[in-house]
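Let us read this model one feature at a time.

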Amino acid sequence: MEKVITIIFFSLGFLFLSHISSTRVWASKVPYPPCLACDCTGNFCKKTGEKIQYEWPELVGVEIKKAKATIERTNPNVTAVRLIDSDCIRIPDVCCNRVWLCPDEKDLVQTIPEVG
């Protein structure tokens with residue numbers, strides 16, 4: 001009986017993980033650098049006197065590809081990652097080297113991109 005229960009739980013776990021990996025929860029199929037964890041987001045990450053950008057409110061409504069290029073040009077320490085859909089579901093990590101780009105239905109930026 002224990003063996004049957006163990007097999008059922010293992011199978012259910014495998015099915016759950018298979019479902020998650022096939023859904024649109026993951027940010028991108030394109031590889032990007034590992035997360036450099038931090039405890040700040042946006043301009044709260046900025047050090048006194050620093051000139052590079054940490055937030056890009058001017059990019060709301062801009063095409064995702066153009067926004068990605070702008071972000072990576074104005075802050076070479078980050079990688080902009082386009083989320084899969086307009087639900088903007090992403091991993092909960094706060095990363096100093098990552099900016100999530102949340103697209104709308106027309107593939108335009110719908111929320112203010114910021115570091116973290």
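Q: What do buried, partly exposed and exposed stand for?
A: Buried means under 20% relative accessible area, exposed means over 50%, and partly exposed lies in between, with a 1.4 Å probe and protein chains only. Take aspartate 107: its relative accessibility is 27%, so it counts as partly exposed. This is a predicted model, where local features need pLDDT of at least 70, side-chain atom pairs count only at pLDDT 80 or more, and totals for chains, interfaces and linings use all residues. Residues are numbered from 1 along each chain as its sequence is written, and side-chain values use heavy atoms, leaving out hydrogens and water.

Q: What is the phi of aspartate 107?
A: Most residues other than glycine have a negative phi. Aspartate 107 is not a glycine, yet its phi is positive, about 65°. The residue sits in the segment after β2. Helices (H or I, at least four residues) and strands (E, at least two) are DSSP runs, numbered from the N terminus.

Q: Which residues of helix α2 are buried?
A: An α-helix has 3.6 residues a turn, so residues three or four places apart point the same way. In α2 (residues 64-74), the buried residues are Ile64, Ala67, Thr70 and Ile71. Seen down the axis, they fall within an arc of 125°, so they line one face of the helix. The arc is taken from the directions from the helix axis to the C-beta atoms. Lys65, Lys66 and Arg73 are exposed on the other side of α2.

Q: What do the buried residues of α2 pack against?
A: They pack against β1 (79-82) and β2 (98-101). Contact here means heavy atoms within 4.5 Å.

Q: Which residues have the most contacts inside the largest nonpolar core?
A: In soluble globular proteins, nonpolar side chains tend to be buried together. A nonpolar core is a set of buried Ala, Val, Leu, Ile, Met, Phe, Trp, Tyr and Cys residues joined through side-chain atoms within 4.5 Å. The largest one has 15 residues, and Trp56, Ile71, Val99, Leu101 and Val115 have the most contacts inside it. The elements giving two or more residues to this core are α2 and β2. Helix α2 gives the most, with three residues. Beyond its neighbours within four places in sequence, valine 99 is in contact with residues including Trp56, Ile71 and Val115.

Q: Is arginine 98 buried or exposed?
A: Arginine 98 is buried, at 4% relative accessible area. It is found in strand β2. Its side chain reaches the backbone oxygen of proline 33 at 2.7 Å. Leaving out residues up to four places away in sequence, arginine 98 touches several others, among them Tyr32, Cys35 and Glu114.

Q: How many disulfides are there?
A: A disulfide is a covalent bond between the sulfur atoms of two cysteines. The rule here is a pair of cysteine sulfur atoms within 2.5 Å, and the count comes to three. One joins cysteine 35 to cysteine 95, S to S 2.0 Å. This pair links distant parts of the chain, 60 residues apart: cysteine 35 is in the loop between α1 (2-22) and α2, cysteine 95 in the loop between β1 and β2. Cysteine 95 is buried at 0%, whereas cysteine 35 is partly exposed at 26%. Another disulfide joins cysteine 38 to cysteine 96, S to S 2.3 Å. Cysteine 40 and cysteine 45 form a disulfide with sulfur atoms 2.2 Å apart.

Q: What is the handedness of the link of cysteine 35 and cysteine 95?
A: It is left-handed, with -110° about the S-S bond. For cysteine 40 and cysteine 45 the torsion is about 115°, so that disulfide is right-handed.

Definitions and conventions
Polar contact = N/O pair within 3.5 Å; in protein donor to acceptor, adjacent residues only side chain to side chain.
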